[in-house]
Amino acid sequence: MSLSEPRLEQRPADLSKAAPASAPGLDPVVLSTRDLQVWYGSSLALKQISIDIPRNKITALIGPSGCGKSTLLRCFNRMNDLINGARMAGDIRFDGDLISGPGIDAVSLRRRIGMVFQKPNPFPKSIYNNIAWGARINGYRGDMDELVERSLRRAALWEEVKNKIHRSGMELSGGQQQRLCIARTLAVEPEVILMDEPCSALDPISTARVEDLMDDLKTDYTIVIVTHNMQQARRVSDLTACLMLDETAVDGHRTGILAEFSPTDLLFTNPKDKRTEAYITGRIG
Ligand SMILES: Nc1ncnc2c1ncn2[C@@H]1O[C@H](COP(=O)(O)OP(=O)(O)OP(=O)(O)O)[C@@H](O)[C@H]1O
């Protein structure tokens, strides 16, 4: 199936139920959902998620396993369209434009909302071509050498690879591969970078490099990161959304809900929601 052919079925949003979990403050909102629901087959994976993601901030999504963090992340650039049986209801807006409806060009959406995955996944190509390939496909007509260098510099990798730019990207360490994947994402000049547990396969030193890089990137990009690591959420994010499993679900399905969305300092020191408190103190696993 072509990436540009959305498979998700649409149902109208019941906006009356949607109480947005807005980011406090005056930051402009770049991504928002209203009463977002996602099913896999007949199983409701996410229930009534209404959230406003602010621009040029790092927003962390935390919560117990299976509460729908990755599902929510994938909604933002329509990656769930690629999953058989996935469907959603509700609104998702990007820069105010509805992106959850039919007829969305998912390829150009994913150019503007890039994604970095848990396991570094460089192409089996040279470091240079890992950057240049996507840019060429996207019709880049500028100076390719300059784009490759700029992207690698922006991802804090240039100094480590500048003398072996035509060697395979697969020869790099795991942490370097992840920064190469970030450089590849940056090369198509997205506005938002979605990161799904980007450090879970990395050692502590590589993790620290990626975290430093994220902090640097937020001046130009909005970042949404899924992490299991609460210390990481505390270290890197400005805001944290805590998803939990819906205790009222009676059909045995695991359904995720948004328990709390707050500035990270506040969420970890003075959580408003009892379930958030139970999760961050380790009483819910
Ligand atoms: N491709 C899929 N097909 C069917 N069900 C899925 C699929 N992906 C996720 N699910 C289900 O949706 C629910 C949410 O999964 P998701 O991976 O989004 O949660 P998560 O919070 O990111 O989990 P984890 O922390 O374990 O990675 C789970 O019950 C999961 O089994």
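**Entry 1: overall**

I counted 10 helices and 11 strands in the chain. Helices (H or I, at least four residues) and strands (E, at least two) are DSSP runs, numbered from the N terminus. The model is predicted, so I note its limits: local features need pLDDT of at least 70, side-chain atom pairs count only at pLDDT 80 or more, and totals for chains, interfaces and linings use all residues. Residues are numbered from 1 along each chain as its sequence is written.

I looked up burial next. Of the 285 residues in the chain, 47% are buried. Buried here means 20 or more other C-beta atoms within 10 Å of the residue's own, exposed means 12 or fewer, and partly exposed is in between, with C-beta atoms placed from the backbone. I then took contacts between residues at least 6 apart in sequence: 70% of them join residues at least 24 apart. Two residues are in contact if their C-beta atoms, placed from the backbone, lie within 7 Å.

**Entry 2**

I listed 13 residues around the ligand, and Tyr 40, Ser 65, Lys 69, Ser 70 and Thr 71 come nearest. A residue is near a molecule or strand if its C-beta atom, placed from the backbone, lies within 6 Å of it. The shell divides into 4 nonpolar, 7 polar and 2 charged residues. Ala, Val, Leu, Ile, Met, Phe, Trp, Tyr, Cys and Pro count as nonpolar, Asp, Glu, Lys and Arg as charged, and the others, Gly among them, as polar.

Which helix gives the largest share of the shell? Helix α1 (residues 69-76) does, with 3 residues. I checked its burial: 7 of the 8 residues of α1 are buried, so the helix is largely enclosed by the rest of the structure. The buried ones are Lys 69, Thr 71, Leu 72, Leu 73, Arg 74, Cys 75 and Phe 76. After α1 comes Arg 78, with a positive phi near 60 degrees.

Strands pair if DSSP finds at least two bridges between them. β4 pairs in the parallel sense with β9 (residues 222-226) over 4 bridges. Ile 58 has Ile 223 of β9 as its bridge partner. β4 also pairs in the parallel sense with β10 (residues 239-245) over 4 bridges. There, Thr 59 stands opposite Leu 239.

**Entry 2: Arg 55**

I located Arg 55 in the loop between β3 (43-54) and β4 (58-62). Is Arg 55 buried or partly exposed? Arg 55 is partly exposed, because 16 other C-beta atoms lie within 10 Å. Not counting residues up to four places away in sequence, Arg 55 touches Asp 27, Pro 28, Val 30 and Thr 222.

**Entry 3: Ser 151**

I placed Ser 151 in helix α4 (residues 144-154). Ser 151 is buried, because 25 other C-beta atoms lie within 10 Å. Leaving out residues up to four places away in sequence, Ser 151 touches Ile 131, Ala 183, Leu 186 and Ala 187. Ser 151 and Leu 186 are 35 residues apart along the chain, yet their C-alpha atoms are separated by 6.1 Å.
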